[in-house]
Amino acid sequence: MQLERLNRILKDHSSGLDFCSVRYLEQKSQSLTVRHGVVVPYHESISEGIMVTVHNHGGMGYAATADLTDSSIKRAFEQAREWAAASSQCSIENFSKVEMPSSKGTYQSPEKKPWNSTTIQEKVEHLRKVSELLKKHPDIVDSHASVSRIEERTMLVSTSGSQVEQIFGFVIPTMGVTAHKGGESVSRSLDGFIGGRQGGHEVLEEGISEAYAHQIQEEALELLVAPDCPTVTADLILDPGQMMLQIHESIGHPIELDRILGDERNYAGTSFVTMDMFGKFQYGSKYLNVTYDPTQKNEFASFSHDDEATQADKCFLIKDGILLRPLGGVISGHRAGQKHVANSRAVGWQRPPIDRMANLNLEPGNSSLDELIASVDSGVYMSTNLSWSIDDSRNKFQFGCEYARLIEGGKLKGVVKKPNYRGLSRSFWRSLDGVADASTVRALGTPYCGKGEPNQAIRVGHASPHCLFRQIEIFGGH
Amino acid sequence: MEEYFYDYVSDLTKTLKQDQTLLCHYIGEQTDFVRFNKGKVRQPGTVTDTSVNLRLIQNKKTASMNVSLTGDLAYDRELGQKALRNLQSLVPDFPEDPFLLFNQEPKSTRDAADEAEFNSMTVTQDIVSGTNGLDLVGIYAGGKVERGFANSLGQKNWFSRSSFTLDWSIYAKGDRAFKMSYGGNNWDLEVFRKKMHEAEQNLPSLLAPAQSVKPGAYRVYLAPAAVCEIAELLAWGGFSMKSFRTKQSALQKLYSDENTFSEKIHIQEDLARGGCPCFDSMGFTLPKNVNLVEGGKALNLLTSPRTAKEYSLDQNSHSESPECLTIRPGKLSIDKVLDALGTGIYVSNLWYLNYSDRPQGRITGMTRFACFKVENGKLIAPINPMRFDNTVYQIFGEYLEAISEKSEKILNTMTYGHRHLGVTEVPGILLNKLDFTL
């Protein structure tokens, strides 16, 4: 599909409509895995389709299809029109009054080394070599080294004058082991499933390395003989691998505008955040500065425009602890009377755009990691998310990590296993008492943020340094 | 699409080399989705999504590729041939797969129920007009779902349903709501009206000021929807043979005979109820029933073809995750649930369950929707959301007091990637204790 044809399709079928857009997506993906020394069968996927969106006489409708013949596309327009007509008298909003973006642009993911600079077999051999290292010890009962590559080309044209063309390359390296001894099992991984970034072959090389393989295996064996994390109320330092999850679940989701507007109440939930909090609510301590930044190079969810053609910009969502603005796209922004950001996103051509966080980052502070640790008399350092659970208003949470070390007298001490902690989003961020500097920032990303009806699991990126929280409820296994 | 798919596979088969086998697995749907909020339409649309997974096998080597199958002959033929040529060039360079297992004794089946007695536009109007000003939030999904399998050995399997699901909540106040669902192939407005009327009648009970529950142990009744959440968490690797063999199952201790559930607990994977296809992507026919837990003791695990080959077992599952899980009902009369609970917490739904210690089977999660404080068998007030943290051996074992005499069929309404199939059928359970932590 070329841009010229897409524009022609729009022109041929959109007459008389208040608004119409056509969004095209082509996605190619590859999946390579070596599990405990055995090459798992290689898998590739190609998907291509369009979604037509119509706003007319107050109603809205969409239709999506993988059949790109002229007759099928014509049918898609008819279906979208029918839905707009059917909903014109019973829509939650007068969609014809929404001023849809008029924006043009292009984007291409940065890449240091082309993904195809090695063959598939060479990549498999790389994974296999690392896998042999991972499984070396007899107490390692399972292991995997995997990489997924996704390439996407998207185009969007609209009657409001938008034309956007974007080309993406994503790489998700994952690596992990399970160790077992005496009835106890522990797991240790490279960033769980959150190591995704935009880029090329360099992401595979940086992620699936012998050095990381040795580290993961050693730490798993440490965990196997380590005592359980103690049950205490104490200071807590979280590494970027866990900060990612903390930011995601207890900042990102609660401030999604469609949740606040009630759209997600049947599934993903609502929010403890209310509209009157923006501009004044003390979300966190003075150390909490959170930005929304799809313009960040290499981060997993970077783009130039969202899926309704709003141009991406960096903005503060929380500054010096004060909640400034929600995460809402053009339609939610109109419904709520709030300024919108470029976060109206769809996982593919088969799903309509809804409010989705993209890159949500905690801005670095001024302390070194050593200074943060030195400031803790008694506490725990936790690394890499393992478990996550939070209530439907995004307030009461409980999270678990893979690996932890005690902190005593300002120094890191012994390893402890099964570290968990729980709290309330409303108060947790006010206990933030230190943010490490830029040298500790890691940009991570996961493709598994689930939300929406129909459901969508989308890519998100989160960059964060290490952070220190005071007096948190911490516990281990029973 | 059925005959088209078989012709497509037959066409591709003609270009195979002598020592090559081709397996094709088709997933298709044309679904109308209508999203509701505050009793009005939020986002309606239609998605037509059809794709096929091609697996090439040659001398114990294999690779697969997923491509669209649009119904446009010229396009599909070109794409399919290109994909097959790609696989033919890649597969010889891969190592032999020691765990490759596929069905080589063709067994063809057909299970098609395509009669659709509903029209999505009419249903949408019925829903909007039937809300009577109530705050209805939810999702309607209706249309045809199809699954197919065919291979170069002549096997043909087809499954199709025209069906709808409506999954919705009626909100009273804040985060308090009644959650309901309705599904089938015959939309009956009276069924929907009856459910709405019932919710409307019960809404005042949710309007009372919510009470906070102090952390501690409480007697609890988990309604079927809440039990379903626990079952769905356990489906995430708990009954998987591969997870068990690699010491990662949440039910490791159960299946190692180191622990048991109550003898009242009987759990089964029950595909006989017909909500799912009986074939998998490697051409195997799945058994209709697999007894997973009998009388509280572990019996069978779910074994995929790959795992079966690795450990020299029989395969009995596609993904090692149950799709139609059932828990046998018990003897507690539904009318007597509150009396039997006495003083405690009635939990209609649980939410966001996860493991706090997977090897020990310890789970945590939140109460959600319509949960109440109960005193002396009477509903007193709704409660603010509470977190629990217990092991499954406590929930299905030492803390289990009774099981309700009736189960509920809870349709799988997940739509990640495509409409999921399956139904979980579970009763409610009365616990003499559940530990609320926050």
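By class, what residues make up the lining of the largest cavity? The lining has 7 nonpolar, 5 polar and 3 charged residues. Here Ala, Val, Leu, Ile, Met, Phe, Trp, Tyr, Cys and Pro count as nonpolar, Asp, Glu, Lys and Arg as charged, and the others, Gly among them, as polar.

1. **Basis.** This is a predicted model, in which local features need pLDDT of at least 70, side-chain atom pairs count only at pLDDT 80 or more, and totals for chains, interfaces and linings use all residues. Residues are numbered from 1 along each chain as its sequence is written, chains are lettered from A and ligands numbered from 1 in the order in which they are written, and side-chain values use heavy atoms, with hydrogens and water left out.

2. **Confidence.** Chain B has a mean pLDDT of 95, and 100% of its residues reach 70 or more. pLDDT is the predictor's confidence in each residue, from 0 to 100. The model scores are ipTM 0.96 and pTM 0.96.

3. **Largest cavity.** The structure holds 7 cavities of 30 Å³ or more. The largest has a volume of about 100 Å³. It is lined by 15 residues, and the closest to its centre are Phe19(A), Ser21(A), Leu156(A), Asp307(A) and Glu308(A). In chain A, β1 (19-35), β2 (38-56) and β5 (140-158) each give two or more residues to this lining. The largest share, 3 residues, comes from β1(A). On terms: the search runs on a 1 Å grid over the protein atoms alone; a cavity is a set of points where a 1.4 Å probe fits but cannot get out, a pocket is an open set with protein on both sides within 12 Å along at least five of seven lines, and lining residues have an atom within 4 Å of a point. Grid points are joined across faces, edges and corners, and a volume is the space filled by probe spheres set on the points. Helices (H or I, at least four residues) and strands (E, at least two) are DSSP runs, numbered from the N terminus.

4. **β2(A) and its partners in chain A.** In β2(A), 17 of the 19 residues are buried, so this strand is largely enclosed by the rest of the structure. Buried means under 20% relative accessible area, exposed over 50%, and partly exposed in between (1.4 Å probe, protein chains only). β2(A) pairs with β1(A) in the antiparallel sense over 16 bridges. Two strands pair if DSSP finds at least two bridges between them. Phe19(A) has His55(A) in β2(A) as its bridge partner. The hairpin of β1(A) and β2(A) has 2 residues between the strands, and His36(A) takes a positive phi near 50 degrees. On to β3(A) (residues 59-65): it runs antiparallel to β2(A) and is joined to it by 7 bridges. Ile50(A) is partnered by Thr65(A) in β3(A). These two strands also form a hairpin with 2 residues between them, where His57(A) in the turn has a positive phi of about 50 degrees.

5. **Across the chains.** β2(A) also pairs with β3 (residues 61-68) of chain B, in the parallel sense over 4 bridges. Here Glu44(A) stands opposite Met65(B).

6. **Second largest pocket.** This pocket holds about 500 Å³ of space. Of its 22 lining residues, the closest to the centre are Glu26(A), Lys28(A), Ile46(A), Met65(B) and Lys82(B). At least two lining residues come from each of β1, β2 and β5 of chain A and β3 and α2 (73-90) of chain B. α2(B) gives the most, with 6 residues. The lining divides into 7 nonpolar, 7 polar and 8 charged residues.

7. **Aromatic pairs around Trp158(B).** There are 36 aromatic pairs over all chains. Rings of Phe, Tyr and Trp (its six-membered ring) pair if their centres lie within 6.5 Å; planes under 30 degrees apart count as stacked, over 60 as edge-to-face and the rest as tilted. Phe5(B) and Trp158(B) have ring centres 6.3 Å apart and planes at 40 degrees, so this pair is tilted. It links α1(B) (residues 2-13) to β6(B) (residues 156-173), with Phe5(B) and Trp158(B) 153 residues apart. Phe5(B) counts as buried at 0% relative accessibility, and Trp158(B) does at 2%. Tyr26(B) and Trp158(B) have ring centres 5.6 Å apart and planes at 15 degrees, so that pair is stacked. Tyr26(B) lies in β1(B) (residues 20-37), 132 residues from Trp158(B).
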